[in-house]
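Below is a briefing on one structure, arranged by topic.

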Amino acid sequence: MSSKPPTRPDWKLLLRMTRPGFLTITAVACLLGIASAASSNGSTDWRLALLTLVLALAAHAGANVLNDYHDALNGADAANQGGLFPFTGGSRLIQQGQVTPEQTRALAWGLLAGVALGGLLLAWVTGGGLLLLGLAGLALGWAYSAPPLKLMSRGLGELAVALAWGLIVVGADQVQRRDWLLLPGVAAFGFALLMANILLINGYPDAASDAAVGKRTLVVRLGARASARLYLLMALLAHGWVVGAAWLGWLPAPALAGLASLPLSLAASGLLWQRADRPSTLQPAILLTIAAGTVHGLGLAAGLAWVAG
(Lines give C-alpha, C1' and ligand atoms only; values in the text may rest on other atoms or scores of the structure.)
Protein backbone atom coordinates (compact mmCIF):
# COMPACT_ATOMS: atom_id res chain seq x y z
CA MET A 1 0.00 0.00 0.00
CA SER A 2 1.41 3.37 -1.01
CA SER A 3 1.98 5.84 1.85
CA LYS A 4 1.32 8.83 -0.36
CA PRO A 5 -0.46 9.00 -3.73
CA PRO A 6 1.57 10.42 -6.60
CA THR A 7 1.11 14.11 -7.35
CA ARG A 8 0.30 13.20 -10.94
CA PRO A 9 -0.78 9.61 -11.64
CA ASP A 10 1.01 8.14 -14.66
CA TRP A 11 -0.94 6.89 -17.67
CA LYS A 12 -0.96 3.30 -16.41
CA LEU A 13 -2.57 4.35 -13.15
CA LEU A 14 -5.01 6.62 -14.97
CA LEU A 15 -6.01 3.70 -17.16
CA ARG A 16 -6.56 1.45 -14.15
CA MET A 17 -8.81 4.12 -12.62
CA THR A 18 -11.20 3.73 -15.57
CA ARG A 19 -11.67 -0.04 -15.00
CA PRO A 20 -10.81 -0.84 -18.63
CA GLY A 21 -11.91 -4.47 -18.44
CA PHE A 22 -15.55 -3.37 -18.53
CA LEU A 23 -15.17 -1.09 -21.54
CA THR A 24 -15.42 -4.00 -23.99
CA ILE A 25 -19.20 -4.08 -23.65
CA THR A 26 -19.34 -0.45 -24.81
CA ALA A 27 -17.33 -1.33 -27.91
CA VAL A 28 -19.85 -4.11 -28.61
CA ALA A 29 -22.73 -1.63 -28.24
CA CYS A 30 -21.08 0.70 -30.77
CA LEU A 31 -20.52 -2.19 -33.16
CA LEU A 32 -24.18 -3.16 -32.89
CA GLY A 33 -25.29 0.38 -33.71
CA ILE A 34 -22.89 0.61 -36.65
CA ALA A 35 -24.12 -2.74 -38.00
CA SER A 36 -27.73 -1.60 -37.59
CA ALA A 37 -27.07 1.44 -39.76
CA ALA A 38 -25.11 -0.58 -42.32
CA SER A 39 -27.98 -3.04 -42.69
CA SER A 40 -30.00 -0.19 -44.20
CA ASN A 41 -27.34 2.08 -45.67
CA GLY A 42 -25.08 -0.63 -47.04
CA SER A 43 -22.01 1.44 -46.14
CA THR A 44 -20.16 2.79 -43.10
CA ASP A 45 -18.19 5.98 -42.52
CA TRP A 46 -15.39 4.46 -40.47
CA ARG A 47 -13.92 7.82 -39.43
CA LEU A 48 -17.20 8.76 -37.77
CA ALA A 49 -17.51 5.23 -36.40
CA LEU A 50 -14.06 5.51 -34.76
CA LEU A 51 -14.91 8.88 -33.22
CA THR A 52 -18.19 7.45 -31.94
CA LEU A 53 -16.32 4.55 -30.35
CA VAL A 54 -13.74 6.80 -28.68
CA LEU A 55 -16.41 9.08 -27.22
CA ALA A 56 -18.53 6.17 -26.00
CA LEU A 57 -15.52 4.53 -24.32
CA ALA A 58 -14.54 7.83 -22.71
CA ALA A 59 -18.10 8.35 -21.43
CA HIS A 60 -18.16 4.86 -19.91
CA ALA A 61 -14.71 5.38 -18.39
CA GLY A 62 -15.77 8.72 -16.93
CA ALA A 63 -18.89 7.18 -15.39
CA ASN A 64 -16.77 4.39 -13.85
CA VAL A 65 -14.36 6.87 -12.31
CA LEU A 66 -17.19 9.08 -11.06
CA ASN A 67 -18.75 6.02 -9.44
CA ASP A 68 -15.49 5.26 -7.63
CA TYR A 69 -15.37 8.84 -6.37
CA HIS A 70 -18.89 8.78 -4.95
CA ASP A 71 -18.48 5.29 -3.49
CA ALA A 72 -15.42 6.62 -1.70
CA LEU A 73 -17.43 9.52 -0.31
CA ASN A 74 -20.32 7.36 0.89
CA GLY A 75 -17.99 4.71 2.34
CA ALA A 76 -19.34 1.82 0.26
CA ASP A 77 -15.98 0.74 -1.18
CA ALA A 78 -14.14 1.17 2.13
CA ALA A 79 -16.74 -1.02 3.85
CA ASN A 80 -16.64 -3.64 1.11
CA GLN A 81 -14.66 -6.65 2.26
CA GLY A 82 -16.57 -9.22 0.21
CA GLY A 83 -16.26 -7.82 -3.29
CA LEU A 84 -15.01 -9.96 -6.17
CA PHE A 85 -12.28 -7.79 -7.65
CA PRO A 86 -12.07 -6.73 -10.45
CA PHE A 87 -15.75 -7.36 -11.10
CA THR A 88 -17.25 -5.63 -8.07
CA GLY A 89 -16.20 -3.17 -5.39
CA GLY A 90 -14.73 -0.55 -7.73
CA SER A 91 -11.11 -0.11 -8.73
CA ARG A 92 -10.02 0.00 -5.03
CA LEU A 93 -7.30 2.51 -5.90
CA ILE A 94 -8.54 5.14 -3.46
CA GLN A 95 -8.84 2.57 -0.69
CA GLN A 96 -5.31 1.31 -1.43
CA GLY A 97 -3.93 4.83 -1.18
CA GLN A 98 -2.73 4.89 -4.79
CA VAL A 99 -4.87 7.91 -5.76
CA THR A 100 -6.84 10.52 -3.86
CA PRO A 101 -10.56 11.22 -4.13
CA GLU A 102 -9.66 14.61 -5.60
CA GLN A 103 -7.56 13.02 -8.35
CA THR A 104 -10.41 10.61 -9.05
CA ARG A 105 -12.95 13.42 -9.30
CA ALA A 106 -10.67 15.42 -11.58
CA LEU A 107 -10.21 12.49 -13.97
CA ALA A 108 -13.94 11.75 -14.03
CA TRP A 109 -14.94 15.30 -14.90
CA GLY A 110 -12.05 15.66 -17.32
CA LEU A 111 -13.23 12.61 -19.25
CA LEU A 112 -16.86 13.71 -19.24
CA ALA A 113 -15.93 17.24 -20.32
CA GLY A 114 -13.92 15.79 -23.20
CA VAL A 115 -16.91 13.67 -24.18
CA ALA A 116 -19.15 16.74 -24.15
CA LEU A 117 -16.81 18.67 -26.42
CA GLY A 118 -16.28 15.75 -28.78
CA GLY A 119 -20.00 15.07 -28.82
CA LEU A 120 -20.70 18.66 -29.85
CA LEU A 121 -18.30 18.24 -32.76
CA LEU A 122 -19.88 14.96 -33.79
CA ALA A 123 -23.39 16.43 -33.51
CA TRP A 124 -22.33 19.42 -35.62
CA VAL A 125 -21.18 17.03 -38.36
CA THR A 126 -24.09 14.59 -38.19
CA GLY A 127 -27.08 16.60 -36.98
CA GLY A 128 -28.91 17.69 -33.86
CA GLY A 129 -30.45 14.30 -33.09
CA LEU A 130 -27.17 13.05 -31.69
CA LEU A 131 -26.99 16.04 -29.36
CA LEU A 132 -30.15 14.92 -27.57
CA LEU A 133 -28.84 11.37 -27.22
CA GLY A 134 -25.49 12.58 -25.95
CA LEU A 135 -27.01 14.86 -23.35
CA ALA A 136 -29.24 12.02 -22.14
CA GLY A 137 -26.26 9.67 -21.91
CA LEU A 138 -24.13 12.13 -19.94
CA ALA A 139 -27.05 12.85 -17.63
CA LEU A 140 -27.45 9.13 -16.91
CA GLY A 141 -23.71 8.72 -16.28
CA TRP A 142 -23.84 11.54 -13.74
CA ALA A 143 -27.17 10.62 -12.14
CA TYR A 144 -26.14 6.98 -11.68
CA SER A 145 -23.69 7.87 -8.90
CA ALA A 146 -23.96 11.54 -7.97
CA PRO A 147 -26.35 13.17 -5.53
CA PRO A 148 -29.09 14.17 -5.37
CA LEU A 149 -30.40 11.44 -7.70
CA LYS A 150 -27.94 8.61 -6.87
CA LEU A 151 -29.90 6.16 -9.01
CA MET A 152 -27.62 3.25 -8.03
CA SER A 153 -28.56 3.79 -4.38
CA ARG A 154 -32.31 3.80 -5.08
CA GLY A 155 -32.62 0.48 -6.88
CA LEU A 156 -32.64 2.25 -10.25
CA GLY A 157 -29.08 1.51 -11.31
CA GLU A 158 -30.09 -1.38 -13.55
CA LEU A 159 -32.65 0.77 -15.35
CA ALA A 160 -30.06 3.52 -15.84
CA VAL A 161 -27.56 1.02 -17.25
CA ALA A 162 -30.12 -0.44 -19.65
CA LEU A 163 -31.06 3.03 -20.89
CA ALA A 164 -27.43 4.13 -21.22
CA TRP A 165 -26.33 1.16 -23.30
CA GLY A 166 -29.46 1.36 -25.39
CA LEU A 167 -28.57 4.99 -26.13
CA ILE A 168 -25.09 3.95 -27.24
CA VAL A 169 -26.54 1.56 -29.81
CA VAL A 170 -29.07 4.09 -31.06
CA GLY A 171 -26.46 6.85 -31.08
CA ALA A 172 -23.92 4.83 -33.07
CA ASP A 173 -26.66 4.10 -35.61
CA GLN A 174 -27.73 7.76 -35.71
CA VAL A 175 -24.19 8.97 -36.47
CA GLN A 176 -24.13 6.81 -39.59
CA ARG A 177 -27.74 7.10 -40.70
CA ARG A 178 -28.45 10.68 -39.55
CA ASP A 179 -32.08 9.69 -39.21
CA TRP A 180 -34.40 7.96 -36.76
CA LEU A 181 -35.55 4.39 -37.42
CA LEU A 182 -37.11 1.68 -35.27
CA LEU A 183 -34.40 -0.89 -36.03
CA PRO A 184 -31.60 0.26 -33.66
CA GLY A 185 -34.02 0.56 -30.76
CA VAL A 186 -35.35 -2.93 -31.42
CA ALA A 187 -31.83 -4.33 -31.71
CA ALA A 188 -30.76 -2.54 -28.52
CA PHE A 189 -33.60 -3.70 -26.28
CA GLY A 190 -32.48 -7.24 -25.50
CA PHE A 191 -28.84 -6.21 -25.36
CA ALA A 192 -29.72 -3.48 -22.84
CA LEU A 193 -31.50 -6.01 -20.62
CA LEU A 194 -28.41 -8.20 -20.56
CA MET A 195 -26.32 -5.16 -19.63
CA ALA A 196 -28.70 -4.58 -16.71
CA ASN A 197 -28.16 -8.19 -15.66
CA ILE A 198 -24.42 -7.54 -15.39
CA LEU A 199 -25.07 -4.82 -12.83
CA LEU A 200 -27.70 -6.93 -11.07
CA ILE A 201 -25.44 -9.93 -10.50
CA ASN A 202 -22.50 -7.68 -9.60
CA GLY A 203 -24.63 -6.33 -6.79
CA TYR A 204 -24.60 -9.64 -4.89
CA PRO A 205 -21.02 -9.57 -3.51
CA ASP A 206 -21.42 -5.88 -2.61
CA ALA A 207 -24.88 -6.16 -1.04
CA ALA A 208 -23.79 -6.36 2.61
CA SER A 209 -21.49 -3.33 2.43
CA ASP A 210 -23.99 -1.42 0.29
CA ALA A 211 -26.73 -1.98 2.85
CA ALA A 212 -24.40 -0.92 5.66
CA VAL A 213 -23.85 2.52 4.13
CA GLY A 214 -27.42 3.04 2.95
CA LYS A 215 -27.02 2.07 -0.72
CA ARG A 216 -30.36 0.47 -1.48
CA THR A 217 -29.40 -1.36 -4.66
CA LEU A 218 -31.83 -3.73 -6.29
CA VAL A 219 -30.29 -6.78 -4.61
CA VAL A 220 -30.49 -5.03 -1.22
CA ARG A 221 -34.12 -4.07 -1.83
CA LEU A 222 -35.40 -7.34 -3.27
CA GLY A 223 -33.17 -9.85 -1.55
CA ALA A 224 -31.09 -12.65 -3.03
CA ARG A 225 -33.85 -14.98 -4.25
CA ALA A 226 -36.17 -12.39 -5.74
CA SER A 227 -33.21 -10.79 -7.52
CA ALA A 228 -32.26 -14.18 -8.97
CA ARG A 229 -35.79 -14.56 -10.33
CA LEU A 230 -35.60 -11.09 -11.85
CA TYR A 231 -32.26 -11.99 -13.44
CA LEU A 232 -33.80 -15.04 -15.14
CA LEU A 233 -36.85 -13.04 -16.24
CA MET A 234 -34.69 -10.37 -17.89
CA ALA A 235 -32.51 -12.99 -19.58
CA LEU A 236 -35.55 -14.78 -21.01
CA LEU A 237 -37.15 -11.50 -22.06
CA ALA A 238 -33.97 -10.38 -23.83
CA HIS A 239 -33.82 -13.52 -25.93
CA GLY A 240 -37.57 -13.83 -26.41
CA TRP A 241 -37.57 -10.27 -27.69
CA VAL A 242 -35.18 -11.22 -30.50
CA VAL A 243 -37.38 -14.14 -31.53
CA GLY A 244 -40.53 -12.02 -31.44
CA ALA A 245 -38.92 -9.13 -33.30
CA ALA A 246 -37.67 -11.44 -36.04
CA TRP A 247 -41.08 -13.09 -36.33
CA LEU A 248 -42.77 -9.68 -36.65
CA GLY A 249 -40.22 -8.56 -39.23
CA TRP A 250 -38.72 -5.86 -36.99
CA LEU A 251 -35.36 -7.62 -37.14
CA PRO A 252 -33.96 -9.54 -40.12
CA ALA A 253 -33.78 -13.30 -39.68
CA PRO A 254 -29.94 -13.38 -39.49
CA ALA A 255 -30.18 -11.33 -36.28
CA LEU A 256 -31.34 -14.55 -34.60
CA ALA A 257 -27.61 -15.18 -34.24
CA GLY A 258 -28.00 -13.13 -31.07
CA LEU A 259 -29.62 -16.19 -29.51
CA ALA A 260 -26.15 -17.74 -29.22
CA SER A 261 -25.99 -16.07 -25.80
CA LEU A 262 -29.01 -17.93 -24.41
CA PRO A 263 -27.07 -20.97 -23.07
CA LEU A 264 -24.65 -18.62 -21.33
CA SER A 265 -27.47 -16.67 -19.69
CA LEU A 266 -29.24 -19.84 -18.58
CA ALA A 267 -26.03 -21.29 -17.15
CA ALA A 268 -25.38 -18.05 -15.27
CA SER A 269 -28.96 -18.01 -13.98
CA GLY A 270 -28.64 -21.58 -12.73
CA LEU A 271 -25.43 -20.79 -10.87
CA LEU A 272 -26.97 -17.64 -9.43
CA TRP A 273 -29.95 -19.57 -8.10
CA GLN A 274 -27.69 -22.19 -6.53
CA ARG A 275 -25.26 -19.70 -5.01
CA ALA A 276 -27.41 -16.63 -4.36
CA ASP A 277 -26.82 -16.96 -0.62
CA ARG A 278 -23.06 -17.42 -1.13
CA PRO A 279 -22.04 -14.33 -3.11
CA SER A 280 -18.32 -15.06 -2.72
CA THR A 281 -18.79 -18.03 -5.07
CA LEU A 282 -20.47 -16.08 -7.89
CA GLN A 283 -17.43 -15.27 -10.03
CA PRO A 284 -18.23 -17.97 -12.64
CA ALA A 285 -21.80 -16.67 -12.93
CA ILE A 286 -20.54 -13.09 -13.30
CA LEU A 287 -18.15 -14.14 -16.06
CA LEU A 288 -20.96 -15.99 -17.85
CA THR A 289 -23.18 -12.91 -17.55
CA ILE A 290 -20.56 -10.66 -19.13
CA ALA A 291 -19.95 -13.27 -21.83
CA ALA A 292 -23.69 -13.52 -22.53
CA GLY A 293 -24.05 -9.78 -23.08
CA THR A 294 -20.97 -9.72 -25.29
CA VAL A 295 -22.01 -12.72 -27.39
CA HIS A 296 -25.56 -11.39 -27.72
CA GLY A 297 -24.39 -8.03 -29.02
CA LEU A 298 -21.85 -9.58 -31.38
CA GLY A 299 -24.39 -12.09 -32.67
CA LEU A 300 -26.93 -9.37 -33.41
CA ALA A 301 -24.24 -7.23 -35.06
CA ALA A 302 -23.06 -10.14 -37.19
CA GLY A 303 -26.61 -10.88 -38.32
CA LEU A 304 -27.25 -7.25 -39.25
CA ALA A 305 -23.89 -6.99 -41.02
CA TRP A 306 -24.81 -10.10 -43.02
CA VAL A 307 -27.87 -8.26 -44.30
CA ALA A 308 -25.69 -5.30 -45.24
CA GLY A 309 -23.58 -7.63 -47.36
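**Salt bridges, helix packing and backbone features**

Arg47 is exposed, at a relative accessible area of 70% (exposed means over 50%, buried under 20%, partly exposed in between, with a 1.4 Å probe and protein chains only). The model is predicted: local features need pLDDT of at least 70, side-chain atom pairs count only at pLDDT 80 or more, and totals for chains, interfaces and linings use all residues. Residues are numbered from 1 along each chain as its sequence is written, and side-chain values use heavy atoms, without hydrogens and water.

**Salt bridges**

- The whole structure holds six salt bridges (a side-chain nitrogen of Lys or Arg within 4 Å of a carboxyl oxygen of Asp or Glu).
- Arg47 pairs with Asp45 in one of them, at 3.8 Å from N to O; Asp45 is partly exposed, with 26% relative accessibility.
- Arg177 and Asp173 form a salt bridge whose closest N and O atoms are 2.6 Å apart. The two lie about one helical turn from each other because they are four residues apart in helix α7 (helices are DSSP runs of H or I, at least four residues, and strands are runs of E, at least two, numbered from the N terminus). Both Arg177 and Asp173 are buried.
- Arg225 bridges to Asp277, with 3.2 Å between the closest N and O atoms. This pair links distant parts of the chain, 52 residues apart: Arg225 is in helix α10 (residues 224–248), and Asp277 is in the loop between α11 (262–275) and α12 (283–308). Arg225 is partly exposed at 27%, while Asp277 is exposed at 55%.
- Asp71, Asp210 and Lys215 are joined in a network of salt bridges.

**Helix packing**

- The axes of α7 (residues 157–177) and α8 (residues 182–212) come within 7 Å and cross at roughly 145° (axes are lines fitted to C-alpha atoms, for helices over the stretch in contact, and angles run from 0 to 180 degrees between N-to-C directions).
- Contact means heavy atoms within 4.5 Å.
- Ser269 in helix α11 is buried, at 9% relative accessible area. Beyond its neighbours within four places in sequence, Ser269 is in contact with Tyr231 and Leu232.

**Nonpolar surface**

- Leu117, Leu120, Leu131 and Leu135 make a nonpolar surface patch of about 400 Å² (patch residues have over 30% relative accessible area and no salt bridge; like charges are joined within 9 Å, and nonpolar side chains, namely Val, Leu, Ile, Met, Phe, Trp and Tyr, within 5 Å). Helices α5 (101–126) and α6 (128–145) each give two or more residues to this patch.
- Leu135, in helix α6, is exposed at 52%.

**Backbone**

- Most residues other than glycine have a negative phi, and most peptide bonds are trans.
- Phe85 and Pro86 are joined by a cis peptide bond, with omega about 5°; Pro86 is in the loop between α4 (76–79) and α5.
- Another cis bond joins Pro147 and Pro148, with omega about 10°; Pro148 is in the loop between α6 and α7.
- Arg92, in the loop between α4 and α5, has a positive phi of about 70° and is buried at 17%.
- Arg178, in the loop between α7 and α8, has a positive phi of about 60° and is partly exposed at 44%.

Definitions and conventions. Accessible areas come from the Shrake-Rupley method with a 1.4 Å probe; for residues, only the protein chains shown count as cover.
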